[in-house]
Amino acid sequence: MISKLLVANRGEIARRVFATCRTLGVETVAVHSDADADAPFVAEADQAVRLPGNSPAETYLRIDLVLDAARRAGADAVHPGYGFLAENAEFAAAVTDAGLTWVGPPAKAIAAMGDKMAAKALLADAGVPMLPTWTEPGQVTDFPVLVKAAAGGGGRGMRVVRDADGLAEAVAGARREAAAAFGDGTVFIERYVERGRHVEVQIFGDSHGTVVALGARDCSIQRRHQKIVEEAPGVLPPEVRERLYEAAVAAGRAVDYVGAGTVEFLLAPDGQVHFLEMNTRLQVEHPVTELTTGLDLVRLQLLVAEGEPLPLTATPPADGHAIEVRLCAEDPAQGFRPATGTLHRFAIPGVGAEFGPTGGLRLDSGVTGGSAVSVHYDSMLAKLIAWAPTRAEAARALAGALARAELHGVATNRDLLVRVLRSPEFAAVDIDTGFLDRHPEVFAPLLPAARLPVAALAAALAGAAGRRASAPRLGGLPSGWRNVPAFPQVTRFAGAGGREIEVRYRLDRTGALADWSVSPAGGGTASGAVPAVTVVEAAPDRVVLDVDGVRRAFRVHRVGPEVFVDGPDGAASLTELPRFPLPTAELAAGSLLAPLPGAVTRVHVEVGQRVSAGDLLLTLEAMKLEHPVLAPADGVVAELPVPAGGQVDTGAVLAVIDGSGPARPAPRRDLEPSNPEEDPR
């Protein structure tokens, strides 16, 4: 039996495995990079081994370091989690060769399914319908297509291409991204199905020949080809469900599968089912299966790895409905680019369990309040899952908990998730992989622009209350009272996207709000045209206002100049600006700044080159994704201060575009790389 388990992963999946180990009495070992030294998963492990460095390539992807950590800690088994080395056949073989128990499928099965092209060929021979697939851009005969990484998953390396002109660069970019994420830059191209649904089947096998389907999940709500909402059971016609189960079990038996795995399919609008890939690991979305079956899938993994037979031989009936959302560190004001920083507060009300297969509201999180979100890893912070007897109840409970959550310090995709769950299309199961493209309205923030002034007023009143609490010698004078009562108090904030909002308010001699105004107005409200407000309560962390006859309570959390306001209409993140700002260095006109810390992977232009608005200037890599930096207007490249390979912090100047003056001599074409993978122009 397994006595001490090393988890070769990080974040919420490491914590998830540790939770089951504690119930089974199995000791745990964490491995961690320098950036993760203070992460919650490290603190929860019984033992932890440092992997020197920060990037995945020098830490979590190093087979030799992980095996050495297992030896040093005395572990007798290894769980790969998901991502990193989870689907690496070489790693599985190395663990077994080292005399350790491998908590996963055999290396042979990983190799067979890890090569997605080989897997397609194997299952095509078994009669599973496939989409047209190509390995090189010149072979493609039909568009649109999807470029995909042959190794790994999670949407890494995926690109939709609608015509031949952009295919070569899409393939080159996908190769770079896949190599950075998985250590393997192999990609392939398959036909892209418009309005298809992404459905998958959880399978489990044991060493006694049993392979069983544990239910189907719908993972169609995706952005950047990454799932953000998943649910079980998928709402499917009974005959489609049975076809999926049969095909998934056949895939598992074809490779003598042992352990947890997921077989993924694309359901076309005409009802045709197409095999996509098989993931030989535990999936991110496994909690929805646990909540609807009552099974602990990590426990089953450990039992199967110890040679025990599965305790079931047929698909269990689904109990109720479960929906999961992936809460990610992403900035809506920056086009949902990954965000970094410190989570000053991470609190979600109503959570009944963490990492457990019980009903209600469940949180699987890799972070806690105070956690640092670095640029080195995936942007996912946590998974919030709701179980209820019906799909509608689960969606409502999940949206409500998300809307009331206090998520301070790092921008997230919370508002997007709430709007998706509350949309009539989601309620009607009118969903597919293009859902977000067709419904731009779900990207609107929960807090209406017209309600921002009231949130800013609450922040200003809380700030005044905090200052008053720290100055007790003022006696009974009301906050802000002065001998010239007509002169208002003024507080300036920077909101989303750096937009400034100025709150002016005046209190009378009793401390009541005499009048207030906002400039510039939020949501088109003219300066001074604000709702009638009466202050019911104003404390440093709580403000209650009567707004047009309706009482509204606001929770206020201040960290230095940052002020986080959570109210009934949504959340606002504000930065209080100094009354007398210090002079700062002025940036050159046309400066393009780094939206987040990362590495410049490629520079596509040269100083002196004339560019047009929308031209690709350089590529920034952060959180395992590539972010193109485009020219905002026509002009000449005046400066490129960061070379390829250079690291930058948020706000660093990446390029300067001069919109006036003649172009300098163009670079010599005969000195440029001719390989299209090296020169996308």
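What follows is a chat about this predicted model, from the whole chain down to single residues.

Student: OK, big picture: how many helices and strands does the protein chain have?
Tutor: The secondary structure comes to 15 helices and 40 strands. The radius of gyration is 27 Å, close to the 26 Å that the globule rule gives for 681 residues, so the chain is as compact as a globular protein of that length.

Student: And what box do the C-alpha atoms fill?
Tutor: Roughly 85 × 65 × 55 Å, taken along the principal axes.

Student: What share of the residues is buried?
Tutor: 53% of the 681 residues count as buried. As for what is left open, the accessible surface comes to about 28,100 Å², and 53% of that surface belongs to carbon and sulfur atoms.

Student: How much of the contact count comes from residues 24 or more positions apart?
Tutor: They account for 62% of the contacts with a separation of 6 or more.

Student: What about charges, how many positive and negative side chains are there?
Tutor: There are 65 positive and 83 negative ones, and the centres of the two sets lie 7 Å apart.

Student: Let's zoom in. How many residues of strand S13 are buried?
Tutor: Nine of its nine, so to speak: strand S13, residues 259–267, is mostly covered.

Student: Which way does strand S10 run against S13?
Tutor: Antiparallel, with nine bridges joining S10 (residues 197–205) to S13.

Student: What's between the strands in the hairpin of S13 and S14?
Tutor: Five residues, and in this hairpin Gly271 takes a positive phi near 90 degrees.

Student: New topic: strand S12. Is it enclosed or open?
Tutor: Seven of the seven residues of S12 (residues 226–232) are buried, so it is largely enclosed by the rest of the structure.

Student: How many bridges pair it with strand S11?
Tutor: Four, in the antiparallel sense, and S11 covers residues 211–223. Gln222 stands opposite Lys227 in S12. Another four bridges join S12 to strand S15 (residues 321–328), also antiparallel. There, Ala232 has Ala322 in S15 as its bridge partner.

Student: What's going on with Arg224 in the hairpin of S11 and S12?
Tutor: That hairpin has two residues between the strands, and Arg224 takes a positive phi near 55 degrees. Arg224 is a residue other than glycine with a positive phi. At 30% relative accessibility, Arg224 counts as partly exposed.

Student: And Phe84, what is its phi?
Tutor: Near 50 degrees, again a positive value in a residue other than glycine. Phe84 is in the loop between strand S4 (77–79) and helix H4 (89–97).

Student: In what order do S33, S35, S38 and S40 form their open sheet?
Tutor: The order is S33-S40-S38-S35, with antiparallel pairing. The edge strands are S33 (591–593) and S35 (610–611), and each pairs on one side only. Three bridges join S33 to S40 (residues 653–658), and Ser591 stands opposite Val656 in S40.

Student: Last one: where is Val605?
Tutor: In the loop between strand S34 (598–603) and S35. At 7% relative accessibility, Val605 counts as buried. Leaving aside neighbours within four places in sequence, Val605 is in contact with Val611, Leu616, Leu617, Val637 and Leu640.

Student: And which residues of helix H12 are buried?
Tutor: Arg414, Asp415, Leu416, Leu417, Val418, Val420 and Leu421. That is seven of the nine residues of H12 (residues 414–422), so the helix is largely enclosed by the rest of the structure.

Key:
Residues numbered from 1 in each chain as written. Predicted model: local features only at pLDDT ≥ 70, side-chain atom pairs only at ≥ 80, totals over all residues. Heavy atoms only, no water. Rg over C-alpha atoms; globule rule 2.2 N^0.38 Å. Buried < 20%, exposed > 50% of the residue type's maximum accessible area, 1.4 Å probe, protein only. Contact = heavy atoms within 4.5 Å. Areas by Shrake-Rupley, 256 points an atom, 1.4 Å probe, with all protein chains shown as cover. Lys, Arg positive; Asp, Glu negative; His and termini not counted. Charge placed at Lys NZ, Arg CZ, Asp CG, Glu CD. Pairing = 2+ DSSP bridges.
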